[in-house]
Amino acid sequence: MKKIKYFIFTVFLFLVGCGNEARSTLNPQGEVGKLQLQLMKISTWIMVFVIVVVLVLFIIILLKFIEKKDNKDFIPEQVEGNRKLEIIWTIVPILLILILAIPTVYYTFKLAVTDTEVVNKSKYLVNVNARLFWWEFEYVNEEFITSQELVIPVGKKVYFQLKGHDVKHSFWIPSLGGKQDTNVERTNRMYLIADKPGVYNGYCAEFCGASHALMQFTVKALPLDEYEQWVKNMKTKEKVSTNLNGEEIFNSKCSGCHSTDPLDPRPLKARIAPNLGNFADRPLVTGILKNSNQNIKEWLNDPEKYKPGNKMTNTYGELTEEETNKLIEYLNSLTR
Amino acid sequence: MQLARKQSLFKTILEYFVTVDHKKIGLLYLFSGLFFLVCGTVLALLMRIQLAVPENDFLSGQTYNEVMTMHGTTMIFFAATPLIFGLMNYIVPLQIGARDVAFPFINALGFWFFLFGGIFLYSSFLFGEVPDAGWTAYASLAVVSKGHGVDFYLLALQLSGAGTIMSGINFLVTIVNMRAPGMSYMRLPLFTWTSFITSALIIFAFPAFTIGLILLLFSRLFGAQYFNVAIGGNTVIYEHLFWIFGHPEVYILVLPIFGVFSEIFSTFSKKRLFGYNSMVFAVILIGFLGFMVWAHHMFTVGLGPFANAIFAIATMAIAVPTGIKIFNWLLTLWGGSIRLTTPMLYGLGFIPSFIIGGVTGVMTASAAADYQFHDSYFVVAHFHYVIVGGIVFGILGGLHYWWPKMFGYMLNETLGKISFAVLFVGFHTTFFVLHFVGLMGMPRRYFTYLKDQDFGDLNYISTIGSYILVLGLVLIVFNYIYSTVIREKAVNDPWNGRTLEWSIPSPPPMYNFKQVPQVNSLDAFWYEKMKGNSNMSSPDELSDIHMPSNSSLPFFMALGFFIASYGLMFLDKGSNNIAFITLVIGGIIAFGSMVLRSTIEDKGYYITKKQLSEEDPK
């Protein structure tokens with residue numbers, strides 16, 4: 001028993017120390033995540049205290065009160081109860097819970113975004129549109145769109161307005177902070193802050209179908225000046241069409257759903273596929289595969305294999321080897 | 001009675017189809033529950049194999065979702081519930097000194113509804129359209145799920161839910177009305193008390209679920225628009241309905257287990273339950289608060305900080321009565337003379353396991369922190385600690401404890417202890433590491449995880465643990481079979497028990513108590529034994545016993561609804577009439593049986609005084 005406890009303790013320390021900063025709630029990289037970790041720690045310590053008290057009693061009982069061989073007929077005293085003790089173990093838990101309840105309520109209100117005015121006026125505001133099985137990020141003030149990769153400035157409070165457009169999803173970047181659901185009937189609001197530049201993992205955390213596990217995205221936190229440059233590029237930089245042939249294929253096969261223009265003027269309802277405006281800059285294809293020619297090719301050949309249940313399969317007909325290569329070349333030119 | 005033993009196997013089996021005896025129905029519940037437990041365990045193993053290594057392709061995303069949905073649905077509705085109902089059915093009437101439940105016919109009806117619900121759910125595998133929207137079947141996803149999978153889920157749960165409500169009413173009335181003389185409320189054994197509260201919870205919780213299911217069913221089958229957001233529908237309402245049921249459901253399952261362990265701790269430490277009154281009070285309080293906390297499953301839905309804070313505090317409040325129970329149990333053991341029998345090992349294993357499940361529950365109640373815990377593997381670990389470490393341990397311990405009473409022979413102790421040890425190690429290995437998988441950022445209900453995300457090692461450990469866990473279950477089932485073959489005869493009171501069921505023969509005769517016992521104290525039988533009496537006394541003379549007669553109608557009523565459900569589901573296959581005909585045939589069977597039930601007068605029968613005294617020559 002004791003050995004197990006030591007083992008557990010060591011494992012615990014190991015894990016707390018080693019949570020990967022790209023995705024662990026134990027190694028948060030921003031204010032929200034840090035506040036939440038603080039609350040998690042408070043509750044953990046209170047609970048460890050409870051466990052220790054119970055286990056100490058429990059071990060004493062196991063050491064002292066196991067029936068002895070020569071004592072089989074012993075009938076213990078039939079104790080009815082003990083008011084004093086019972087009052088103690090009612091009051092003490094109430095106190096422990098109060099200790100936990102106060103920061104819980106405080107943090108719950110602190111993290112809540114209730115004032116839509118503040119959100120609307122905020123400088124950094126992103127609409128998150130969740131769909132089966134991809135994410136669209138709409139930069140409200142800057143009026144451009146990107147998909148699968150969220151870019152945010154370091155050290156700034158970034159507000160999010162979350163909505164699901166087919167079924168319910170949930171928007172979660174563990175190392176930056178807790179999740180909020182993207183409901184289908186109503187917009188949820190939250191904020192996150194990244195303390196330092198880096199790349200973080202984002203997940204869908206509400207069961208949404210066959211590729212729920214693959215509905216991932218990346219978050220890139222950039223220093224403010226780089227971020228501003230990025231915004232500028234997204235808004236103004238023209239796409240470089242070096243590959244007219246590939247663009248032609250794209251226009252005939254893909255552009256019905258995908259746009260390559262971050263300033264895509266179509267309304268939300270018509271934007272049924274990820275915006276590919278800065279496709280070549282993104283680290284991942286479809287949120288899960290490393291962005292390489294090989295992976296784009298395999299994805300184009302059989303999207304169903306990589307994201308079962310996706311809406312892209314069988315919508316663009318067969319592509320010949322040559323067409324695929326041209327298309328990849330074109331996609332690789334989509335940089336900002 | 002003597003005749004019963006000589007009848008043919010066929011007749012014995014037939015008897016189980018028509019029985020209204022609470023003991024036989026209890027056994028039916030237990031064995032069908034064990035069957036579904038095996039099914040659910042196999043599904044769990046499939047998932048653990050899939051998750052052992054990153055980017056595994058053992059199961060596809062769709063298949064994994066189906067397996068996961070079936071695992072959750074099976075374990076909650078078709079394994080845990082019937083196993084607990086089995087114990088309640090068998091033991092509660094014995095503990096209160098009753099000859100049967102209040103409504104034996106409804107008791108049988110409830111069982112057949114449950115069983116046909118389970119068969120209906122599993123027949124989805126034959127049709128190749130398996131439920132895939134999770135055991136919660138949240139509306140936005142469930143409505144758009146293709147094929148008839150989710151319909152199987154909805155109709156199966158309507159069937160079994162009807163059975164559950166019937167049983168809830170039945171137990172409630174039984175405990176109110178059928179108690180032996182002197183068995184006041186504050187002398188009820190704790191297992192009976194907890195069954196009483198559980199029954200009340202069922203009656204209040206299940207209707208909410210039924211409504212949610214009906215809304216979904218109408219949306220899927222008849223094109224109702226409750227959840228169509230474009231025209232003002234709302235899917236969050238389903239989440240509320242589901243969790244208004246779903247959270248009390250946890251207590252519906254775990255309260256009887258608190259009762260089981262209260263009996264076990266008391267019996268095997270040879271002490272009366274410490275703080276009986278506060279134990280009863282705590283159970284009532286948990287049951288009551290259980291209805292006030294459902295939205296803690298919905299902290300991330302965006303109900304706003306007020307709702308979240310209130311539900312957070314209400315949830316934490318449940319820790320207080322639960323704490324009272326834990327400490328009362330510890331103080332029951334304190335100063336006792338603890339016998340390390342197999343049921344007691346389950347009890348001793350339950351305390352640390354359940355404490356871990358309980359404290360992680362309080363942690364997730366902390367709303368702002370729950371934004372991180374919610375829908376991650378941390379939650380998976382949390383509720384498996386409660387369900388396996390609490391409910392499954394309780395069912396297995398309770399079965400081992402009452403087995404000699406039910407069958408008249410003992411379960412092998414050595415095998416019992418070994419299997420418990422294996423189960424305990426396997427359980428903790430499987431689920432302890434999952435806390436950390438969640439904290440490291442892995443969301444739940446993921447059929448796979450990517451190679452470069454470091455969830456692999458701990459998931460691998462968990463999979464190894466699940467094999468050990470399953471080995472433990474296999475050993476337990478082996479023990480049941482082995483002990484049945486060996487048949488080591490049990491005396492009436494093998495554990496030196498304290499409650500009424502130990503005062504009658506093992507297995508009990510069909511009328512349970514030849515004469516209704518007079519109860520003089522809490523732990524009635526122990527009280528008599530301490531006074532030197534080996535039997536319970538009775539206020540009445542030996543007299544004829546009125547018994548309910550067997551009936552095949554419950555089976556046919558449930559069968560009718562079962563058949564009609566297929567018809568209802570396939571109505572959309574427009575052009576052929578088979579579905580409609582099936583619906584009509586099922587309806588005729590069901591309502592025809594009801595008509596027969598209403599018109600045939602059944603006054604039951606009597607076991608005469610003469611038969612009673614002949615049977616048991618002193």
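Me: Hi! How far apart do the C-alpha centres of domain 1 of chain B and domain 2 of chain B lie?
Reply: Hi! In this predicted model, those two C-alpha centres lie 28 Å apart.

Me: And where do the two domains run along chain B?
Reply: Domain 1 of chain B covers 2-221 + 232-538, and domain 2 of chain B covers 552-618.

Me: How many residues does each one bring to the contact?
Reply: Domain 1 of chain B brings 21 residues, and domain 2 of chain B brings 22 residues.

Me: What area is buried between them?
Reply: About 2200 Å² is buried between domain 1 of chain B and domain 2 of chain B, and carbon and sulfur atoms give 79% of that.

Me: Which three residues supply more than any others on the domain 1 side?
Reply: They are B:Phe105, B:Phe116 and B:His148, which together supply 28% of the area that domain 1 of chain B buries against domain 2 of chain B.

Me: OK, how many salt bridges are there between the domains?
Reply: The count between domain 1 of chain B and domain 2 of chain B is zero salt bridges. For polar contact, the count is one residue pair, with both residues at pLDDT 80 or more.

Me: Which helix gives the most to that side of domain 1?
Reply: That is α5(B), with ten residues. Helices α2 (9-18), α5 (104-127) and α7 (149-177) of chain B each supply at least two residues there. By class, this side of domain 1 of chain B has 17 nonpolar, two polar and two charged residues.

Me: Switching topic: how many residues of chain B are in contact with chain A?
Reply: 94 residues of chain B are, and they meet 86 residues of chain A. The area buried between the two chains is about 7700 Å², with carbon and sulfur atoms giving 70%.

Me: How many salt bridges are found across that interface?
Reply: Three salt bridges are found between chain B and chain A. One salt bridge joins A:Glu67 to B:Lys270, and the closest N and O atoms of this pair are 3.8 Å apart.

Me: And how many residue pairs are in polar contact there?
Reply: There are 30 residue pairs in polar contact across the interface of chain B and chain A, with both residues at pLDDT 80 or more.

Me: Which helix of chain B gives the most to the side touching chain A?
Reply: Helix α11 of chain B, residues 305-333, gives the most, with 16 residues.

Me: Last one: what classes of residue make up that side?
Reply: The side of chain B that touches chain A has 55 nonpolar, 26 polar and 13 charged residues.

How values were computed: Residues are numbered from 1 along each chain as its sequence is written. Chains are lettered from A and ligands numbered from 1 in the order in which they are written. This is a predicted model: local features need pLDDT of at least 70, side-chain atom pairs count only at pLDDT 80 or more; totals for chains, interfaces and linings use all residues. Side-chain values use heavy atoms; hydrogens and water are left out. Domain bounds come from an automatic or database domain assignment. Contact means heavy atoms within 4.5 Å. Buried area is the accessible area (1.4 Å probe) that two parts lose on being put together, summed over both. A salt bridge is a side-chain nitrogen of Lys or Arg within 4 Å of a carboxyl oxygen of Asp or Glu. A polar contact is a pair of N or O atoms within 3.5 Å; within protein, one must be able to donate a hydrogen and the other to accept it, and residues adjacent in sequence count only if both atoms are side-chain atoms. Helices (H or I, at least four residues) and strands (E, at least two) are DSSP runs, numbered from the N terminus. Ala, Val, Leu, Ile, Met, Phe, Trp, Tyr, Cys and Pro count as nonpolar, Asp, Glu, Lys and Arg as charged, and the others, Gly among them, as polar.
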